[in-house]
Structure formats: C-alpha cells, structure tokens
Amino acid sequence: MTMYYTEVDGTEPTVSTQVGGIKYTFTNESLTKLIEEKEQLKIELTQLERKFRSARFDVREFFQSRYETDSDEIVCEVDDVNNLLINLETEALTRSWSATVTITATVTGIEAPNAEAAQEILDDAFEVNLTVDGDVWVDDVSVESVHAES
C-alpha cells in the first residue's frame, strides 16, 4: 500500500492511497466520514451477529423443547411454527382461504326510457375486480329492483 500526502487537489490537503490497483483520494472531511461509516458498520455487524446467534438459539430451543429421545419425529403445531417464524422476523406459514362475498350496490343516474331498459343496461354493466392475489368467480349478479328517481 502506497500513501501520498499532497495539496495538489485544491486548497484542502488530501491523502491518497492505492489498494488493489485502485487509487483512492480523501480530503480530511471524506476520510473522517469514511471512518465514521466504518465504525457504524462495525456496530451494525455486531448487532446482526447477536441477532443471528439469538435466532440460532431460538430455533434449537424450539425443536429441543418438542424433541423426545424415544422418537424420530418432532411434532409441533402450525401456530407454534408461525410464532417462531414471526420471532425470527420472517413471514408466517400461510394457507389458502376461500370466501363467499355478498356485494350490495345502489346505482343512480341510469338514463333509460323505461324500467326494463334500465334493467337491461344494468344486467351487463357489473364487473368484479379482485385487488389481491387469488381467483374470483362471479356466481350471480342480479338487479333486484328498478324504480324511477324522484
């Protein structure tokens, strides 16, 4: 590693060093910032190391508490597994769910010459969009009543 001290890069002194064939030049301010960032990274790395060790302990404890020496299987509840996963700050196990949904709507302002024409317009006008992953099948859309607005 070769280090250079120079004032060529302006009025502020700089320090240059070459590492792995790449030359780096630092001002006093940029060198201070680099050192501060390095110290912050060391702190973050230490915190992550503690978190990883804690997670390892939690996983081992989870299975150890359910382990019976006379069995080759470990039995646990999905809720217990999900609690472990959530404690490890990851997503819980999921399952697929189905639902029957009723949509009630009031439509106003339909221009038509009579109630039958208004009903025909409405019979083909509804569309159901699902904004989450999943499939939707519309079993029935029916117009229950049509009446003139007052």
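Asn82 is buried, with a relative accessible area of 12%, where buried stands for under 20% relative accessible area, exposed for over 50% and partly exposed for what lies in between, computed with a 1.4 Å probe on protein chains only. The model is a predicted one, in which local features need pLDDT of at least 70 and side-chain atom pairs count only at pLDDT 80 or more, while totals for chains, interfaces and linings use all residues. Residues are numbered from 1 along each chain as its sequence is written, and side-chain values use heavy atoms, with hydrogens and water left out.

Asn82 sits in helix α2, which spans residues 78–87; helices here are DSSP runs of H or I with at least four residues, numbered from the N terminus. Setting aside residues up to four places away in sequence, Asn82 touches Ala92 and Leu93, contact being defined as heavy atoms within 4.5 Å.

The buried residues of α2 are Val81, Asn82, Leu84 and Leu85. Viewed down the helix axis, these buried residues fall within an arc of 160°, so they line one face of α2, the arc being that of the directions from the helix axis to the C-beta atoms. An α-helix has 3.6 residues a turn, so residues three or four places apart point the same way. On the face of α2 turned away from the buried side are the exposed residues Asp79 and Asn87.

What covers the buried residues of α2 includes α1. The axes of α1 (residues 28–64) and α2 come within 10 Å and cross at roughly 170°, with each axis a line fitted to C-alpha atoms over the stretch in contact and angles running from 0 to 180 degrees between N-to-C directions. The two helices, α1 and α2, are therefore roughly antiparallel to each other, a term used for angles over 145 degrees. In their contact, Asp58, Val59 and Phe62 of α1 meet Asp80, Val81 and Leu84 of α2. Sorted by class, this contact has four nonpolar, no polar and two charged residues, where Ala, Val, Leu, Ile, Met, Phe, Trp, Tyr, Cys and Pro count as nonpolar, Asp, Glu, Lys and Arg as charged, and the others, Gly among them, as polar.

Asp80, which also lies in α2, counts as partly exposed at 28% relative accessibility. Leaving aside neighbours within four places in sequence, Asp80 is in contact with Phe62 and Arg66. Just after α2, Glu89 takes a positive phi of about 60°.

Key:
Parallel < 35°, antiparallel > 145°, perpendicular 65-115°, else oblique.
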